Protein chains: 2
Amino acid sequence: MAVTTADPEDLTARARIRDAAMAQFGEHGFERATIRGIAVAAGVSSGLVRHHFGSKQGLLEACDAHLVKTVRRLNSQAAGGAPDLNPLAALGPYQAYLARSLIEGGAAPLFDEMVALGEGWLADADRSRPDPPDVGPRVRSAVIAAMALGIGILRRHVSRGMGADLSGPEGERLLMRALLDIHSHPLLSLEEAAAAREALDRTPSPAGPATPRGPAPTQGGSR
Amino acid sequence: MAVTTADPEDLTARARIRDAAMAQFGEHGFERATIRGIAVAAGVSSGLVRHHFGSKQGLLEACDAHLVKTVRRLNSQAAGGAPDLNPLAALGPYQAYLARSLIEGGAAPLFDEMVALGEGWLADADRSRPDPPDVGPRVRSAVIAAMALGIGILRRHVSRGMGADLSGPEGERLLMRALLDIHSHPLLSLEEAAAAREALDRTPSPAGPATPRGPAPTQGGSR
DNA sequence: CCGGGGACTACACACAGGTGTAGTATCCTG
DNA sequence: CAGGATACTACACCTGTGTGTAGTCCCCGG
């Protein structure tokens with residue numbers, strides 16, 4: 001059940017402005033988006049934007065609030081259900097906005113909620129794990145949340161790299177298959193991870209040149 | 001070996017301007033950063049910025065070029081070495097800039113290089129895998145690259161969620177331990193993944209409400 | 001009928017910031 | 001020692017854009 005943005009004709013001017021703003025903010029970012037541009041997209045005068053939302057900042061806050069409301073609604077719909085490997089996909093047209101908001105700092109509460117959700121799941125899973133994890137579920141959940149969101153944030157790059165548009169159904173399915181494969185096949189064996197962890201412990205200062213050997217695309221040596 | 005930004009005094013004005021610009025662009029984004037602000041940070045007049053780089057756009061391109069050069073140098077230093085689980089960390093002060101650049105579309109070639117590197121590694125790993133992966137290494141590499149970069153892009157949120165500053169050495173180590181654990185413990189069992197894949201194949205239209213059950217922090221149901 | 005308030009528009013204002021120009025100092029080259 | 005190029009500054013300009021103000025239309029309660 002994706003977010004359904006009804007016909008613009010069916011919405012009040014206020015809602016149309018908000019949706020247009022979320023689209024523009026999502027696509028161009030807060031600074032680059034202009035009140036006039038949003039007004040044109042919503043089919044109203046720029047003054048009306050100010051009338052309804054007071055200021056550009058106020059408009060942004062209304063967008064954030066609406067995003068939070070939408071996400072909470074989606075979350076409660078899927079309450080108790082299994083977590084999603086590709087959380088951003090559920091937001092449909094608001095996906096770009098959430099990505100921007102995360103980057104520009106607005107969606108912090110949503111991120112924290114994701115972390116909390118994942119933390120619960122990981123804590124459960126840890127109980128049936130032979131070896132105890134050496135970092136707590138909260139830390140791992142934060143990292144996993146960031147990784148999962150990275151796909152949506154870098155949607156354009158991922159689409160280019162995959163050769164399929166992530167926004168389309170075929171790209172979405174391809175992504176899902178890739179995620180299933182990735183998350184069911186660890187990049188490191190337990191032995192490799194243990195060796196890397198030990199190497200990490202041996203270097204007291206983080207300036208050491210030893211990069212723990214581990215498989216993931218790279219950009220360079222360790223810091 | 002991190003990127004070492006030498007004393008500002010030791011650099012030419014041009015280099016100082018470029019570094020200041022990368023810092024400002026990285027922290028505030030392209031739009032919000034101002035030429036005057038960059039000039040002040042670099043200790044020069046705003047006219048000199050224009051003198052050296054022609055325009056704000058030209059400055060941005062020079063920053064991109066320098067980033068590419070820096071990353072290539074790091075890559076060649078670590079050539080043949082093992083990939084890094086946390087690629088962005090190696091960039092030190094340029095980390096924020098790369099994150100911004102990826103979001104705003106400038107660093108596409110770098111992303112593609114990461115994907116190519118990871119693709120090679122995955123192709124190697126696939127040869128010693130009992131079950132054949134059902135998506136090619138390039139697609140998986142693109143997804144993994146995005147996931148890995150997501151941590152750096154959402155650095156602030158991750159730091160908050162972990163309770164430790166990712167920019168500091170202690171946060172970096174904690175992240176590394178989390179990554180080692182995550183990448184050595186699959187979130188899905190092979191059976192779960194197979195079941196989810198099968199469920200995915202059964203739903204012809206992607207509008208189906210069935211979210212393949214898989215463990216990761218979530219935001220809502222599937223699209 | 002009518003008074004008021006909300007929705008909505010048009011237009012003017014102010015200012016931030018990118019860009020352009022002129023001028024000065026400094027250094028290299030012949 | 002020219003003399004020109006390059007590094008660098010100060011300042012004027014102008015567009016874009018957020019914001020403020022006044023006014024119109026329309027619905028609704030009394």
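Residues are sorted here into nonpolar, charged and polar classes, with Asp, Glu, Lys and Arg counted as charged and Gly placed among the polar residues. With that in hand, the surface near DNA strand D in this predicted model can be read by class: its residues divide into 4 nonpolar, 9 polar and 4 charged.

Chain A contains 10 helices and 0 strands, and its pattern along the sequence is α-α-α-α-α-α-α-α-α-α. Chain A has 223 residues, of which 45% count as buried. Among the contacts in chain A with a separation of 6 or more, 54% are between residues 24 or more positions apart.

The record lists "domain: HTH tetR-type" at residues 11–71. In the model this span is 79% helix and 0% strand, and its end C-alpha atoms lie 20 Å apart. The record also places a "DNA-binding region" at residues 34–53 of chain A; here the end C-alpha atoms are 14 Å apart, and the span is 80% helix and 0% strand.

The largest share, 4 residues, comes from H3(B).

Around DNA strand C there are 15 residues, with A:Ala13, A:Ser45, A:Gly47, B:Ile35 and B:Ser55 coming nearest. The elements giving two or more residues to this surface are helix H3 (46–53) of chain A and, from chain B, helix H2 (35–42), helix H3 (46–53) and helix H4 (56–77).

The axes of helix H10 (residues 190–202) of chain A and helix H9 (residues 169–184) of chain B come within 9 Å and cross at roughly 170°. Angles over 145 degrees count as roughly antiparallel, so H10(A) and H9(B) are roughly antiparallel to each other. On the H10(A) side, the contact is made by A:Leu190, A:Ala193, A:Ala196, A:Arg197 and A:Leu200, while H9(B) contributes B:Arg173, B:Met176, B:Arg177, B:Leu180 and B:Ser184. Sorted by class, this contact has 6 nonpolar, 1 polar and 3 charged residues.

Notes: Residues are numbered from 1 along each chain as its sequence is written. Chains are lettered from A and ligands numbered from 1 in the order in which they are written. This is a predicted model: local features need pLDDT of at least 70, side-chain atom pairs count only at pLDDT 80 or more; totals for chains, interfaces and linings use all residues. A residue is buried if 20 or more other C-beta atoms lie within 10 Å of its own, exposed if 12 or fewer, and partly exposed in between; C-beta atoms are placed from the backbone. Two residues are in contact if their C-beta atoms, placed from the backbone, lie within 7 Å. Axes are lines fitted to C-alpha atoms, for helices over the stretch in contact, and angles run from 0 to 180 degrees between N-to-C directions. Angles under 35 degrees count as roughly parallel, over 145 as roughly antiparallel, 65 to 115 as roughly perpendicular and the rest as oblique. A residue is near a molecule or strand if its C-beta atom, placed from the backbone, lies within 6 Å of it. UniProt positions are given in the numbering used here, feature names are shortened, and annotations may be inferred rather than shown by experiment.
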